[in-house]
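Please keep the sequence and the structure in view while reading.

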Amino acid sequence: MLELRPNCELCDADLPPGATNARICTYECTFCADCVENVLHDVCPNCGGGFAPRPIRPRLGLLDDPASTTRKHAAKSPEQMRELSERLRDVPPAAR
């Protein structure tokens, strides 16, 4: 089951469980759509993969399986993220 992390790991914007602008990679690294599109260029700074829209857990599901409240932040420096994004942004995620 997805953690539904509460924030963008880059800009720290709030991403509540119903956020339509939340994006995740296969490891559940969580970023907002703006950072994914304009800063990361669809390259996860943690694993190098691409992103997909994060599913929304219905309110009834949140009663039994609440979203995470633990805020996470990217482990790499802005320079490391930029270098990885520049190197991989023109390579499709399936070919990385």
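Strands β1 and β2 run antiparallel and are joined by three bridges; strands here are DSSP runs (E) of at least two residues, helices are DSSP runs (H or I) of at least four, and both are numbered from the N terminus. The model is a predicted one, in which local features need pLDDT of at least 70 and side-chain atom pairs count only at pLDDT 80 or more, while totals for chains, interfaces and linings use all residues. Residues are numbered from 1 along each chain as its sequence is written, and side-chain values use heavy atoms, with hydrogens and water left out.

- A22 stands opposite C32 in β2.

**Nonpolar core**

- The largest nonpolar core has 15 residues, and C8, L15, F31 and F51 touch the most other members.
- Such a core is a set of buried Ala, Val, Leu, Ile, Met, Phe, Trp, Tyr and Cys residues joined through side-chain atoms within 4.5 Å; buried means under 20% relative accessible area, exposed over 50%, and partly exposed in between (1.4 Å probe, protein chains only).
- Helix α1 supplies the largest share of the core, three residues.
- Not counting residues up to four places away in sequence, C8 touches A13, L15, T30, F31, C32, C35 and K72.

**Salt bridges**

- There are six salt bridges, each being a side-chain nitrogen of Lys or Arg within 4 Å of a carboxyl oxygen of Asp or Glu.
- R5 and E9 form one of them, at 3.1 Å from N to O, and both residues are buried.
- E3, R5 and E9 are linked in a network of salt bridges.
- D14 and R71 form another, with the closest N and O atoms 2.9 Å apart.
- D14 lies in the segment before β1 (22-24) and R71 in the loop between α2 (59-64) and α3 (78-88), so this pair ties together parts that are 57 residues apart in sequence.
- D14 is exposed at 55% relative accessibility, whereas R71 is partly exposed at 35%.
- R82 and E79 meet in a salt bridge of 2.7 Å, N to O.
- R82 and E79 are separated by about one helical turn because they are three residues apart in helix α3.
- R82 is partly exposed, with a relative accessible area of 45%, and E79 is partly exposed as well, with 39%.

**N7**

- N7 is in the segment before β1 and is buried, with a relative accessible area of 0%.
- A polar atom of the N7 side chain lies 2.8 Å from the backbone oxygen of K72.
- Apart from neighbours within four places in sequence, N7 contacts D12, A13, L15, T30, T70, R71, K72 and H73.

**Y27**

- Y27 is in the loop between β1 and β2 and is exposed, with a relative accessible area of 60%.
- Its contacts, leaving aside neighbours within four places in sequence, are R5 and C47.
- Y27 and D14 are 13 residues apart in sequence and 19 Å apart in space, C-alpha to C-alpha.

- Most residues other than glycine have a negative phi.
- H41 is not a glycine, yet its phi is positive, about 55 degrees.
- H41 is in the loop between α1 and β3 and is partly exposed at 22% relative accessibility.
- D42, also not a glycine, has a positive phi of about 65 degrees.
- D42 lies in the loop between α1 and β3 and is partly exposed, with a relative accessible area of 27%.

Methods: Pairing = 2+ DSSP bridges. Contact = heavy atoms within 4.5 Å. Polar contact = N/O pair within 3.5 Å; in protein donor to acceptor, adjacent residues only side chain to side chain.
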